[in-house]
Amino acid sequence: MDIASISGIVMLVVVPLLLLFGVPISISIGLGSTLAVMSLLPLQTALITASQRIITGTNSFSLLAIPFFILAGIIMNNGGIARRLVDCAKVISGRLPGALAQSNVVANMLFGAISGSGVAAAAAVGGTMGPLQEKEGYSKVYSAAVNIASAPTGMLIPPSNTLIIYSTVAGGVSISALFMAGYLPGILWGLGVMVIAGIYAKKLGYKGSERPTLKQGIKVFIDAIPSLLLIVIVIGGILKGVFTATEGSAIAVVYALALSFLYKNLKVADLPEICLETAKMTAIVIFMISVSSVMSWVMAYTKIPTLIANGLLGLTDNSIIILLIMNVLLLIIGTFMDPTPAVLIFTPIFLPIVRSFGMHPVHFGIMLVFNLCIGTITPPVGPILFTGCRVAKLKIEDVVKQLMPYFGVTIIILLFVTFVPALSLTIPKFLNLIK
């Protein structure tokens with residue numbers, strides 16, 4: 001084994017060790033990657049190379065969509081749009097057992113379909129639905145678990161920031177195709193959570209809400225139409241080729257801002273705080289992408305993807321077993337790594353392997369993101385888990401016990417997504433986005 005391979009392997013050992021000692025993931029990746037570069041190249045060349053990778057890693061027009069979608073989500077959260085989506089969800093699912101919890105799931109799916117952020121959905125919808133459920137006598141742990149388990153649907157149902165990152169790393173896989181491919185898996189995830197929530201609701205005696213009158217239902221839907229139109233405008237415009245995903249994200253901001261001012265839930269004085277919050281969240285994501293780009297360069301230079309591919313293919317040439325191994329690895333990785341760096345690091349490793357046995361890159365992208373979405377609700381990192389618990393003012397260990405059945409159903413759906421390509425590819429094929 002040459003020095004390059006050894007340096008790459010050392011990097012893959014150093015990063016997890018730093019994480020175990022509590023070093024933030026972005027710092028761990030940055031330090032481990034930079035040390036590897038310094039062991040491969042002379043000091044001055046190494047520092048220049050690492051700096052170049054940090055800059056070029058974020059020099060992508062499509063990545064501009066991320067701060068705009070983050071900004072749109074924050075505006076929606078503060079501008080009364082989230083509340084109208086919650087009211088609409090209550091009408092849709094009001095007769096089901098545990099009506100308010102079921103409404104929470106539907107609202108998370110609708111909110112995610114506009115903001116593209118699971119964390120934003122958990123905070124906005126959980127903050128609205130939690131007090132209502134507590135008032136109706138729902139267990140706080142039950143309510144928090146439903147909110148947390150359903151929030152990741154926003155990372156699959158378009159627009160999705162994670163799918164935008166995957167599209168960039170995978171060599172320009174169609175964002176439109178990825179967006180459309182995320183619909184069925186995202187909806188299946190939501191339905192799976194609703195089934196488990198309904199079973200628990202029956203056991204705990206949580207009944208459905210009173211049926212709203214036709215007049216009340218129509219009023220709620222009319223109030224929600226302007227908010228729901230954002231989905232039609234953004235996704236429809238991208239599919240029709242009227243604008244790119246990046247341009248669509250900017251349109252989402254303008255539309256959400258205009259709607260919030262129209263609803264009189266947002267003031268000009270609120271904008272500096274909203275922009276500051278957006279800048280903070282964007283900085284975290286972009287820094288993750290920057291340092292992960294250095295790591296990706298090291299892996300490419302040291303040919304780690306080739307080594308891993310040869311190792312996997314050396315174990316077996318059975319595509320089913322290889323996909324099962326990948327799923328297990330990604331589920332483990334997702335428990336301690338944020339989806340953004342995980343996509344940046346493992347796409348170059350696994351994508352060539354699945355392509356070798358004919359898996360479509362759009363299908364693989366959905367499988368990858370679905371895996372990592374599960375990681376967002378699992379300890380020790382789980383950003384959605386932490387957000388949902390913070391909103392509900394509960395300890396993580398109490399909520400994790402309640403989440404176990406939801407983990408089970410999402411893993412079952414993951415297996416369907418992995419081994420039934422039609423779940424991911426039917427809509428893109430129908431729309432002629434892929435062959």
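Is Lys 264 buried or exposed in this predicted model? Lys 264 is exposed, with a relative accessible area of 74%.

**View 1. Lys 264 sits in a loop with a positive phi.**
You will find Lys 264 in the loop between α13 (245–263) and α14. Its phi is positive, about 65°, although Lys 264 is not a glycine. Because exposed means over 50% relative accessible area, the 74% of Lys 264 puts it in that class.

Follow α14 along residues 271–302, a run of 32 residues. At 1.5 Å a residue the helix should span 46 Å, and its end C-alpha atoms are 46 Å apart, so the two values agree. After α14 comes Lys 303, whose phi is positive, near 60°.

Helix α11 covers residues 183–204, which makes 22 residues. Just past the helix, Gly 205 takes a positive phi of about 80°.

Which residues is Phe 364 in contact with, leaving aside its neighbours within four places in sequence? They are Tyr 166, Met 326, Phe 350, Leu 351, Val 354 and Met 359.

**View 2. Ile 349 is a buried residue of helix α17.**
Look for Ile 349 in α17, residues 339–356. Its relative accessibility is 2%, so Ile 349 counts as buried. Setting aside residues up to four places away in sequence, Ile 349 touches Met 299, Pro 305 and Ile 308. Ser 296 makes a handy landmark here: Ile 349 and Ser 296 are 53 residues apart along the chain, and their C-alpha atoms are separated by 9.4 Å.

**View 3. Thr 378 is a buried loop residue with a side-chain contact to the backbone.**
Thr 378 belongs to the loop between α18 (361–375) and α19 (383–392). With 10% relative accessibility, Thr 378 counts as buried, because the limit is 20%. The Thr 378 side chain reaches the backbone oxygen of Gly 375 at 3.0 Å. Beyond residues up to four places away in sequence, Thr 378 touches Gly 334, Thr 335, Leu 385 and Phe 407.

A disulfide is a covalent bond between the sulfur atoms of two cysteines. How many disulfides does the model contain? The count comes to 0. For Cys 373, the nearest cysteine sulfur is that of Cys 389, 18 Å away. Cys 389 is likewise in no disulfide, and its nearest cysteine sulfur is that of Cys 373. Since a disulfide needs sulfur atoms within 2.5 Å, a separation of 18 Å rules this pair out. Cys 373 has 0% relative accessibility and so counts as buried. Cys 389 is buried too, with a relative accessible area of 2%.

**View 4. A salt bridge links Asp 223 and Lys 219 within helix α12.**
A search of the whole structure finds 1 salt bridge. The side chains of Asp 223 and Lys 219 meet in a salt bridge, at 3.2 Å from N to O. Both residues lie in α12 (residues 214–240), 4 residues apart, about one turn of the helix. Asp 223, at 33% relative accessibility, counts as partly exposed, whereas Lys 219, at 54%, counts as exposed.

**View 5. Pro 158 and Pro 159 are joined by a cis peptide bond.**
The omega of this bond is about 0°. Pro 159 has its place in the loop between α8 (140–150) and α9 (161–169).

**View 6. Lys 393 is an exposed loop residue with a positive phi.**
Lys 393 lies in the loop between α19 and α20 (396–419). Although Lys 393 is not a glycine, its phi is positive, about 60°. At 71% relative accessibility, Lys 393 counts as exposed.

Conventions:
Residues are numbered from 1 along each chain as its sequence is written. This is a predicted model: local features need pLDDT of at least 70, side-chain atom pairs count only at pLDDT 80 or more; totals for chains, interfaces and linings use all residues. Side-chain values use heavy atoms; hydrogens and water are left out. Helices (H or I, at least four residues) and strands (E, at least two) are DSSP runs, numbered from the N terminus. The expected span of a helix is 1.5 Å times one less than its number of residues. Contact means heavy atoms within 4.5 Å. Buried means under 20% relative accessible area, exposed over 50%, partly exposed in between (1.4 Å probe, protein chains only). A polar contact is a pair of N or O atoms within 3.5 Å; within protein, one must be able to donate a hydrogen and the other to accept it, and residues adjacent in sequence count only if both atoms are side-chain atoms. A salt bridge is a side-chain nitrogen of Lys or Arg within 4 Å of a carboxyl oxygen of Asp or Glu.
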